[in-house]
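Reader: I have a model open and some side-chain questions. Can we go through them one at a time?
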Amino acid sequence: MTAITDIPDAPRAARRPQIGNPVLRWLRTNLFSSIPNGILSVVLLAVLGKGIFSFVQWGIANAVWLTPANDSSACRAVRGVGACWAIIPEKYRFILFGTYPFDEQWRPALSVLVFIALYYVSTRRALWRRELAYLWIGALALISVLMWGGVFGLSFVSQDRWGGLPVTLILATFGLAFGFPLGVLVALGRRSNLPAIRSLSVLYVELIRGVPLVSLLFMASVMFPLFMPNGFNIDKLLRAQIAIILFAGAYLAEVIRGGLQAVPRGQYEAADALGLSYWRKHRLIVLPQAIRHVIPPLVNTFIAFFKDTSLVLIIGIFDLLTTAKTAIIDPGWQQFSVEVYIFVAAIYFMFCFAMSRYSRSLEATGGR
């Protein structure tokens, strides 16, 4: 009886609050648990502190924030000591919108806001209904009208004048929006019982994954027009978009195929027992589970392709990174490229970080 009555006292002892400052306790447990760990922590903290102090000195304390119009003399005076953030308000419109007509740049700015609103609405799971697809179609039509113009009193702007952030968002959005269903079809094709479909799917994946995206963009820009009839020409941006869709589809197909292999065989058999057709079985039973298994690699692939859109610079398309590089050709501002690249990196980071955070929320809820 004594042993039995003593058992409830053990959890009480375990729940007894620990004495001491919780911050010091955390530091002792995580950073200074042993002498080697303590030495390594001190060295790393010293290096980190030095880096933060130097950046604050360069990027804030000694920085130049504004200068007279197109006058970089104040920046040149502090070169090597402080940052020249004045180049951002001087060049931001060209960085964000390229050579789009200056007086019409409200149109690409509004297009970017429409894209961001679309992304936000698409993350609301309460809106995951058929109406969301109609919303996407209407929003993309609105973006097309804003960017091209030629209707409703808007002046026409050819795609040769497009550039900056809108082009990056167009390439990434359409590339992933069309590449994802293509990847699903190819992943199902690789698991098909029909030899012809399986062989074609394997050939497509291995062929596309066996070459870099740069070569596909080059072929779409230079080689593809050679096979077209005389007088028939496809816009350069559309050709690059098709190459990105094909490239994304091949990589996403392998990610989704991994998810399909993770679905237990019993789920297939249960769907067959219910008499579901092939497409209903995969749409209602298999694919939701498969995609839930591969949310982290899917989002990782999305982030990688969002950044890979910068490769279109080799075929003369002015995406965000290309307009940033072009903005510092001006001899007066050529010495301050670091500040421009930090600005562009911050834009890429915001979009990529948002995708990463959304991925974590999907994982936490199991994709429901």
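Reader: What is the handedness of the disulfide of cysteine 75 and cysteine 84?
Author: The disulfide is right-handed, because the torsion about the S-S bond of cysteine 75 and cysteine 84 is about 70°. The sulfur atoms of cysteine 75 and cysteine 84 are 1.9 Å apart; a disulfide here is a pair of cysteine sulfur atoms within 2.5 Å.

Reader: What should I know about the numbers?
Author: This is a predicted model, where local features need pLDDT of at least 70 and side-chain atom pairs count only at pLDDT 80 or more, while totals for chains, interfaces and linings use all residues. Residues are numbered from 1 along each chain as its sequence is written, and side-chain values use heavy atoms, with hydrogens and water left out.

Reader: How many disulfides in the whole structure?
Author: The search of the whole structure finds one.

Reader: Is cysteine 84 buried or exposed?
Author: Cysteine 84 is buried, at 1% relative accessibility. Buried means under 20% relative accessible area, exposed over 50%, and partly exposed in between, with a 1.4 Å probe and protein chains only. Cysteine 75 is buried too, at 0%, and cysteine 352 counts as buried at 11%.

Reader: New topic. How many aromatic pairs are there?
Author: There are 15 aromatic pairs. Rings of Phe, Tyr and Trp (its six-membered ring) pair if their centres lie within 6.5 Å; planes under 30 degrees apart are stacked, over 60 edge-to-face, and the rest tilted. One of the pairs is phenylalanine 180 with phenylalanine 302: the centres are 6.5 Å apart and the planes at 70°, so the pair is edge-to-face.

Reader: Which helices do phenylalanine 180 and phenylalanine 302 lie in?
Author: Phenylalanine 180 lies in helix α9 (residues 165-190) and phenylalanine 302 in helix α15 (residues 295-308), so the pair ties together parts 122 residues apart in sequence. Helices are DSSP runs of H or I, at least four residues, numbered from the N terminus.

Reader: And what is the geometry of phenylalanine 247 and tyrosine 251?
Author: That aromatic pair is tilted, with 4.9 Å centre to centre and 45° between the planes. Phenylalanine 247 and tyrosine 251 are four residues apart in helix α12 (residues 236-262), so about one helical turn separates them. Phenylalanine 247 is buried at 6% relative accessible area, whereas tyrosine 251 is partly exposed at 32%.

Reader: Which residues do ring pairs link into a cluster?
Author: The cluster consists of Phe55, Trp58, Trp65 and Trp85.

Notes:
Helix = DSSP H or I, 4+ residues; strand = E, 2+ residues; numbered from the N terminus.
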